[in-house]
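These are my notebook entries on one chain. I record what I looked up, entry by entry.

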Amino acid sequence: MPITTESFDGAFWPDEVTATIALACITGAPFARSLTALPTSKPNTAFPTASPTGFDFVGEGQPLPQVDLNDSKYVVATCKLAGTFSLSNESLDDADSDLGGALGLAVKDAMSPKLDEGLLFGSGGDEPEGVMDVAPEFMGGADYRADVVLGWAEMVDAGADPEAIIAFASASVIGWELARTDNEGRPIHQGTTPMLGPVRMVAVPTLSAGQTLLVDTSRVFLVVRNDFQVDFSGHEKFSSDSTVARIRGRFSIAAPHSAKSLRKITAAS
């Protein structure tokens, strides 16, 4: 059923619709939606980190060893992603127009790719600190499938969850791998789920052909401020019989254990 002005007795953007638009932003970003979501009401989120050392086996009645927590903290700040655009008053007044669906689609087309771009490549400041710069590098070889599987193995040896690791790459790279055949012309990969060995592949348009990122999605967090807003104003566009829509959300990404949770695959030169 379309969402229109009549659906809510003239209250065009109640909380339910704003939540739908926020969800469209995240679900339209394939990298962001794959991470562990962490809602917050604060501008900064701190993650305590610790690497305890000193545990040991001891005999009965012997003094227990002193454990050093080696504790610290990892802090990220959410960054505002926002934009404005105009809607005709005729479309707002049309009870048969699914404006909620149309706006959700517009958010997926324009806002979602920018969200993924910031989480991956942001340079800090007004943008998030993108994880591509902090991901440890895994030097690959001539076989892409072997690179992904060996990168997965290196992460698991470092402490990552083997079930939670996803490989993110462009659709062209995934398609090229899945289209490969053996010497008899038979597909190397069976089925329709993009898997390379134990690793699930997810296509991210923001990544280029030479970029593949392995992520333990249980240890990398999409930090989302719970103040996503959709607002409308007719003042600025009164003379043109239109209304300005403003959408804004605050997001960041946190990888407090990057040595365990990230690997960037670089092809051997």
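I call a residue buried when its relative accessible area is under 20%, exposed when it is over 50%, and partly exposed in between, using a 1.4 Å probe and protein chains only. The model is a predicted one, so I note that local features need pLDDT of at least 70 and side-chain atom pairs pLDDT 80 or more, whereas totals for chains, interfaces and linings use all residues. Residue numbers start from 1 along each chain as its sequence is written, and side-chain values use heavy atoms, with hydrogens and water left out.

**Entry 1: overview.** I counted 7 helices and 13 strands in the chain; these are DSSP runs numbered from the N terminus, helices being H or I of at least four residues and strands E of at least two. Of the 269 residues, 40% count as buried. I took contact to mean heavy atoms within 4.5 Å. Among contacts between residues at least 6 apart in sequence, 77% join residues at least 24 apart.

**Entry 2: the aromatic pair.** I searched for rings of Phe, Tyr and Trp (its six-membered ring) with centres within 6.5 Å; planes under 30 degrees apart count as stacked, over 60 as edge-to-face and the rest as tilted. The search gave 1 aromatic pair. Phe-31 and Phe-168 form this pair, edge-to-face, at 4.9 Å centre to centre and 80° between the planes. Phe-31 lies in helix 2 (residues 30-34) and Phe-168 in strand 6, so that the pair links parts of the chain 137 residues apart. I found both Phe-31 and Phe-168 buried.

**Entry 3: strand 6 and its sheet.** For pairing I required at least two DSSP bridges between two strands. Strand 6 runs antiparallel to strand 9, with 4 bridges, and Ala-167 has Leu-214 of strand 9 as its bridge partner. Strand 6 also has 4 bridges to strand 8 (residues 199-203), here in parallel, and Ile-166 stands opposite Arg-200.

Which strands make up the open sheet, and in what order? The sheet has 6 strands in the order 5-13-9-6-8-7, with mixed pairing. Strand 5 (137-139) and strand 7 are its edge strands, each pairing on one side only. Strand 7 runs antiparallel to strand 8 through 2 bridges, with Leu-196 opposite Val-199.

**Entry 4: helix 6.** In helix 6 (residues 171-178) I listed Val-173, Ile-174 and Glu-177 as the buried residues. Seen down the helix axis they fall within an arc of 95°, so they line one face of helix 6; the arc is that of the directions from the helix axis to the C-beta atoms. Ala-171 and Trp-176, on the other side, are exposed. The buried residues of helix 6 pack against helix 5 (144-158), strand 6, strand 7 (195-196) and strand 8.

**Entry 5: nonpolar cores.** I defined a nonpolar core as a set of buried Ala, Val, Leu, Ile, Met, Phe, Trp, Tyr and Cys residues joined through side-chain atoms within 4.5 Å. The largest core has 35 residues, of which Phe-31, Phe-228 and Phe-251 touch the most other members. Elements that each supply at least two residues of this core include helix 1 (15-27), helix 2, strand 6 and strand 12 (242-254). Helix 4 gives the largest share, 6 residues. Apart from this core lies another of 16 residues, among them Phe-138, Val-148, Ile-165 and Ile-265. Returning to Phe-228, I found among its contacts beyond four places in sequence Ile-21, Met-111, Ile-247 and Phe-251.

Entry 6: Is Thr-212 buried or exposed? Thr-212 is buried, with a relative accessible area of 3%, and belongs to strand 9 (residues 212-216). Its side chain makes a polar contact of 2.8 Å with that of Tyr-144. A polar contact is a pair of N or O atoms within 3.5 Å; within protein, one must be able to donate a hydrogen and the other to accept it, and residues adjacent in sequence count only if both atoms are side-chain atoms. Thr-212 also touches Phe-168 and Ala-169, among others.

Thr-36, in strand 1 (residues 36-40), is partly exposed at 29% relative accessibility. The C-alpha atoms of Thr-36 and Leu-222 are separated by 5.9 Å, although the residues are 186 apart along the chain. Beyond four places in sequence, Thr-36 is in contact with Thr-217, Ser-218, Val-220, Phe-221 and Leu-222.
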